[in-house]
Amino acid sequence: MDAPRSDRNPWYWLLVVPVVVPLIPALFNSIEPRLFGIPLFYWLQLLFILLSVAVTLLVHWRTRA
Amino acid sequence: MSGHITEIVVFTALFALVSGMGFVASRWRRADDLASLNEWGLGGRNFGSWITWFLVGGDLYTAYTFVAVPALLFGAGAMGFFAVPYTVIVYPLVMLILIRLWSVSHVHGLVTPADFVRARFGSPTLALLVAITGIVATMPYIALQLVGIEAVLKTMGVSGDLPLIIAFAILAAYTYQSGLRAPALIAFVKDTLIYVVILVAIIYIPARLGGWGAIFDAAQAKFDATPAPGDGILLNANNQLQYVTLALGSALALFLYPHSVTGVLASKNRDVIKRNMSALPAYSLLLGLIALLGYMAIAAGVTPIGRDVNTVVPQLFDRMFPDWFAGVAFAAVGIGALVPAAIMSIAAANLFTRNIYREYIRPDATDAQEASVSKITSLVVKVGAVLFILLIDPQFSIDLQLIGGVIILQTLPSITLGLFSRWFHRAGLIAGWVAGMSAGMVLLYNISNPAIDHAHFGGSAFPLEKLGLDTKMTVYAGFLALIVNLVFAVLGTLIARAAKVADGPDATRPDDYYADAGDPKLRDLEISGST
């Protein structure tokens with residue numbers, strides 16, 4: 001081991017975004033606009049999955065040992 | 001029953017196939033011998049990204065999830081969709097927590113979350129509380145997997161308890177023989193089946209029902225017609241707080257369950273865990289789509305068998321799919337129950353062996369003795385789960401699952417916060433556990449559910465007006481209990497320090513929490529766990 005290992009890395013703070021955004025109902029608690037007939041409430045929350053994947057991938061990539 | 005012959009044949013054939021795989025699994029990635037907990041209970045601690053993905057996914061997204069989440073949308077509407085934000089936020093939330101747990105567990109050879117608490121806070125009592133909490137919270141969870149199988153059997157017209165007992169006896173036998181390798185291998189088949197079934201379902205069923213717009217319109221019409229104020233395809237002002245706290249509380253609880261920890265500890269390095277945290281949300285997408293099956297069932301005019309709403313999804317499949325494919329779908333649910341049930345019983349058995357048997361009954365137990373005690377305990381746990389289902393009304397077991405979530409959350413200060421800080425005093429954590437657990441029970445006791453004739457333990461949404469607040473809002477009971485727990489843990493810690501009560505020794509060192517595979521300090525484990 002060269003430098004002491006650490007989990008301190010500013011990139012990890014980015015993980016806050018996909019944790020907080022899905023917990024704000026004001027963003028998605030609506031029927032319109034629909035997508036393929038699916039109300040906003042449902043399709044936007046499914047879209048947050050992609051947000052979560054994108055952020056965790058980015059953080060994983062930027063914090064690799 | 002005569003109308004379901006094709007379904008039963010397909011179901012039985014697939015079920016037999018995976019049972020065979022379960023027995024063969026002991027030869028897979030073979031170890032020198034299975035007579036240690038590292039091998040039997042953690043698969044040699046050597047699983048790579050793919051296996052971990054299937055194993056943890058198979059473990060967290062259970063048959064019960066696939067049956068109960070759509071049932072919740074069927075009954076209550078938007079509230080049931082909480083499962084989506086819950087499984088979205090859980091991975092970024094726990095990524096940092098779990099890699100620390102992985103590292104410290106590998107340096108010290110820890111197998112269970114209670115092992116960690118024992119090492120960190122030097123308190124066998126606190127470790128015992130954490131172990132018992134884990135076992136108690138897991139039991140109803142295993143029983144609920146049976147509820148999933150039962151719903152499928154009911155839909156195929158198979159009645160009586162015998163088929164259920166046979167299915168579980170087979171499961172018990174191959175878990176006994178192969179340990180964690182069995183569910184890891186079967187998880188491949190399970191997930192493939194479930195992905196195929198769901199992809200077909202979300203394309204084929206909406207097309208038959210007149211499109212997504214028609215499905216949501218039917219759901220809205222149903223909820224508009226009911227007198228209940230809380231349902232609807234959107235949240236209302238009173239249940240938004242419940243939605244958010246339930247999603248957050250469930251996410252915090254998920255990786256406190258001993259079986260999720262088992263899946264994570266079995267992975268071979270930190271990178272596997274981090275990669276999985278970005279790959280596991282693929283299951284969340286699946287879960288979101290599965291949830292919508294509840295609305296499809298409304299649009300298709302499905303009604304539950306008896307009062308068992310868990311039968312709506314199997315019945316939807318029965319009505320929409322050709323017989324042979326309905327059989328495949330039922331097998332997916334049935335096999336989906338076996339994987340988590342196996343992992344959960346292994347995790348509960350590990351807890352008993354490490355934190356009760358070895359701590360209090362035989363401190364000098366050898367690896368081989370530990371493994372054999374775990375194998376026998378896993379059988380006992382499964383027998384307990386079967387009895388649970390046979391003797392208790394299924395509706396009651398679902399309430400126990402809610403209680404399970406509330407109580408497992410009470411180990412958060414010791415485990416999750418303990419991974420980051422040694423500030424808490426062991427006496428404070430014990431005080432917090434007792435206070436949080438009591439508060440949780442009192443809150444749950446005071447939740448009624450008129451829809452199922454339960455005056456108490458009727459759900460997890462606690463009305464704030466019972467605390468004297470002038471509002472109709474509800475909040476997740478586990479969340480309130482956790483706040484009580486934290487307040488008492490902080491106060492208890494301050495009092496214990498002021499009174500100079502002896503604190504337990506901390507066996508871990510700061511850099512243990514960053515260790516990765518390949519570090520010199522992990523060498524011992526790598527030799528004993530090599531294949």
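This is a predicted model: local features need pLDDT of at least 70, side-chain atom pairs count only at pLDDT 80 or more; totals for chains, interfaces and linings use all residues.
The size of an interface is often given as the accessible area lost when the parts come together. Here chain B and chain A bury about 3,400 Å² between them, and 70% of this area is on carbon and sulfur atoms. On the side of chain B, the three residues B:Pro92, B:Leu234 and B:Tyr514 supply 17% of the area buried against chain A, which is more than any other three residues supply. In terms of contacts, 44 residues of chain B meet 34 residues of chain A.

Charged pairing across the interface comes to one salt bridge between chain B and chain A. B:Asp217 forms a salt bridge with A:Arg34, and the closest N and O atoms of these two residues are 3.4 Å apart.

A cis peptide bond, with omega of about -5 degrees, joins A:Glu32 to A:Pro33. A:Phe36 is found in the loop between H1 and H2 of chain A as well, and although A:Phe36 is not a glycine, it has a positive phi of about 50 degrees.

Helix packing between the chains comes next. Helix H2 (residues 40–62) of chain A packs with H14(B) at an angle of about 180 degrees, the two axes being 9 Å apart. Because an angle over 145 degrees counts as roughly antiparallel, H2(A) is roughly antiparallel to H14(B). From H2(A) the contact draws on A:Leu46, A:Ile49, A:Ser52 and A:Val53, while H14(B) brings B:Pro281, B:Ser284, B:Leu285, B:Gly288 and B:Leu289. By class, this contact of H2(A) with H14(B) consists of six nonpolar and three polar residues, with no charged residues.

A further helix pair lies within chain B. The axes of helix H3 (residues 49–60) and helix H12 (residues 258–265) of chain B come within 9 Å and cross at roughly 175 degrees, which means that H3(B) is roughly antiparallel to H12(B). The residues making this contact are B:Thr52, B:Leu55, B:Val56, B:Asp59 and B:Leu60 on H3(B), together with B:His259, B:Ser260, B:Gly263 and B:Val264 on H12(B). The contact of H3(B) with H12(B) divides into four nonpolar residues, four polar residues and one charged residue.

Note on methods
Residues are numbered from 1 along each chain as its sequence is written. Chains are lettered from A and ligands numbered from 1 in the order in which they are written. Side-chain values use heavy atoms; hydrogens and water are left out. Contact means heavy atoms within 4.5 Å. Buried area is the accessible area (1.4 Å probe) that two parts lose on being put together, summed over both. A salt bridge is a side-chain nitrogen of Lys or Arg within 4 Å of a carboxyl oxygen of Asp or Glu. Axes are lines fitted to C-alpha atoms, for helices over the stretch in contact, and angles run from 0 to 180 degrees between N-to-C directions. Helices (H or I, at least four residues) and strands (E, at least two) are DSSP runs, numbered from the N terminus. Angles under 35 degrees count as roughly parallel, over 145 as roughly antiparallel, 65 to 115 as roughly perpendicular and the rest as oblique. Ala, Val, Leu, Ile, Met, Phe, Trp, Tyr, Cys and Pro count as nonpolar, Asp, Glu, Lys and Arg as charged, and the others, Gly among them, as polar.
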